[in-house]
Structures are given as C-alpha cells and as structure tokens.
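Trainee: Please take a close look at a single part of this model and describe what surrounds it.
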Amino acid sequence: MRHTEPEDALPGVQKIKSTLRQAKRLLSKESLAANVRVETERRIKALEADLVNAQHARKLRTMASRYHKVKFFERQKVCRKIKQLKRNLVTAVGEEKARLELTLSNLRVDLNYILHYPPAKKYISLFPPEVRKSSVSPTTVTLEDDDERSKIRKLIRLKMEQGELSLEPDNEYDHPAASRSSRLRRDRDHGVNVTSRVEGPSQKVLRGSEDVSADEFFGDDNDEEEGSD
C-alpha cells in the first residue's frame with residue numbers, strides 16, 4: 001500500500017529550497033509587474049518560513065532515529081523496575097513502604113524523562129554507558145551531560161507537579177488509547193490546540209514482539225530498585 005502524506009505536510013527541504021530559488025530569480029527581474037512583485041515577495045516569506053519548519057522537522061526525525069534504540073531499552077528497563085516495585089508495595093508496610101513509594105516516584109520521573117525528552121536535543125542516557133553491551137552504541141556521558149540530565153529531570157518533575165505530565169506515566173504507557181483521550185481532554189480544558197500535538201517515536205507503544213524483558217542489555221533488575229538521582 002502506498003504511503004500517503006497528510007494534506008498539510010510540508011514538502012522536503014530540497015524542494016522548498018528549489019522553489020525559493022525560483023521565486024528569488026523571478027523577483028530579480030526588473031520588468032516584473034507590481035502586483036506580481038508583491039505576490040512573489042509574499043511567496044518568498046512563506047517559503048522561508050516553510051524552510052525553517054521543514055529543516056526543524058528533518059532534525060527531529062534524525063534525532064528520533066539516532067536515539068530510538070537507547071530509549072527503547074531504557075524504557076523497558078524502567079517499566080520492569082516499576083512493575084517490580086508495584087508488586088513489592090502490595091505487602092510492604094511502614095518505612096519499607098515509604099522507601100518503595102519514593103523510589104517509585106523517582107522511576108516515574110525517569111519514565112517521563114524518556115517519553116518526553118526534548119526531541120531536538122541530544123539524548124542523555126539515564127544509565128551509565130559501561131553497563132551496556134556492544135550491540136548498542138553507547139551515548140558518551142560527560143560531567144556536562146550529568147548537569148544537563150539533572151536539569152531536564154527537574155523540569156520533568158516540575159511539569160508532573162503542575163499537571164502538565166502524568167504522575168503515573170506507567171499506567172498511560174500500558175493503556176495508550178485511554179491516556180491519549182485523557183490528554184486531549186486535558187489540553188482542551190487548558191486551551192491547547194490539540195490538532196498541533198505530534199507524538200514522536202519515543203511515545204509510540206511498543207508491540208509485544210519487541211518486548212525485551214529477558215534481554216541482557218541492562219542486566220538483571222531483581223536487585224535494582226533505585227530510580228535515577
């Protein structure tokens with residue numbers, strides 16, 4: 001089946017550049033009629049705006065493709081940890097229950113970090129690269145990355161506290177249709193243009209065939225219950 005683009009989809013960067021060059025050549029003609037000149041100038045401004053948007057969209061696609069696999073494994077690891085903690089919380093009491101609830105809260109920040117990481121930025125992994133296998137290219141981590149990771153996690157936590165992001169993203173991840181409906185209702189209540197919402201690849205629900213619950217990429221979760229600091 002042939003893939004069809006949305007009616008409002010922008011043409012490619014090269015096509016816009018080509019059309020823009022043609023419009024500028026037309027505008028350079030001294031004999032151009034006044035009405036045509038005005039219309040061409042408007043056309044050039046519109047094309048320049050389209051070019052900026054198309055270049056941005058291309059960058060988003062590149063970043064999404066580059067970090068897809070790392071995000072996939074991190075998402076799986078965090079979700080496994082959350083499920084394990086939920087099971088442990090059923091029988092936990094007192095200080096142990098409080099400790100597990102705090103860890104669960106941190107892990108939910110981690111999950112939102114993965115799902116809602118700024119799409120145009122280099123993705124900074126939540127986990128040290130030394131725990132990874134050679135099958136996935138590690139993201140080089142520096143002290144500057146540590147600072148940036150902390151800043152983004154604080155921003156994610158703040159958005160959760162303000163209601164912009166879910167406090168229980170694991171539940172939305174398990175029930176995507178219901179969570180999308182809930183997000184759309186919330187956006188309408190806050191006056192957000194819901195038709196402009198675009199979900200990146202990191203927010204798509206993974207099929208069962210892609211489950212890596214037994215994958216050794218991030219090791220065994222049995223003894224790990226701590227979220228990122």
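Mentor: Asn106 counts as buried because its relative accessibility is 18%, where buried means under 20% relative accessible area, exposed over 50% and partly exposed in between, with a 1.4 Å probe and protein chains only. This is a predicted model, in which local features need pLDDT of at least 70 and side-chain atom pairs count only at pLDDT 80 or more, while totals for chains, interfaces and linings use all residues. Residues are numbered from 1 along each chain as its sequence is written, and side-chain values use heavy atoms, with hydrogens and water left out.

Asn106 lies in helix 3; helices are DSSP runs of H or I with at least four residues, numbered from the N terminus. The side chains of Asn106 and Arg157 are joined by a polar contact of 3.0 Å, that is, a pair of N or O atoms within 3.5 Å, one able to donate a hydrogen and the other to accept it.

Tyr113 and Tyr117 are both buried. One aromatic cluster takes in Tyr67, Tyr113, Tyr117 and Tyr123; rings of Phe, Tyr and Trp (its six-membered ring) pair if their centres lie within 6.5 Å, with planes under 30 degrees apart counted as stacked, over 60 as edge-to-face and the rest as tilted.

Technical notes. Helix = DSSP H or I, 4+ residues; strand = E, 2+ residues; numbered from the N terminus.
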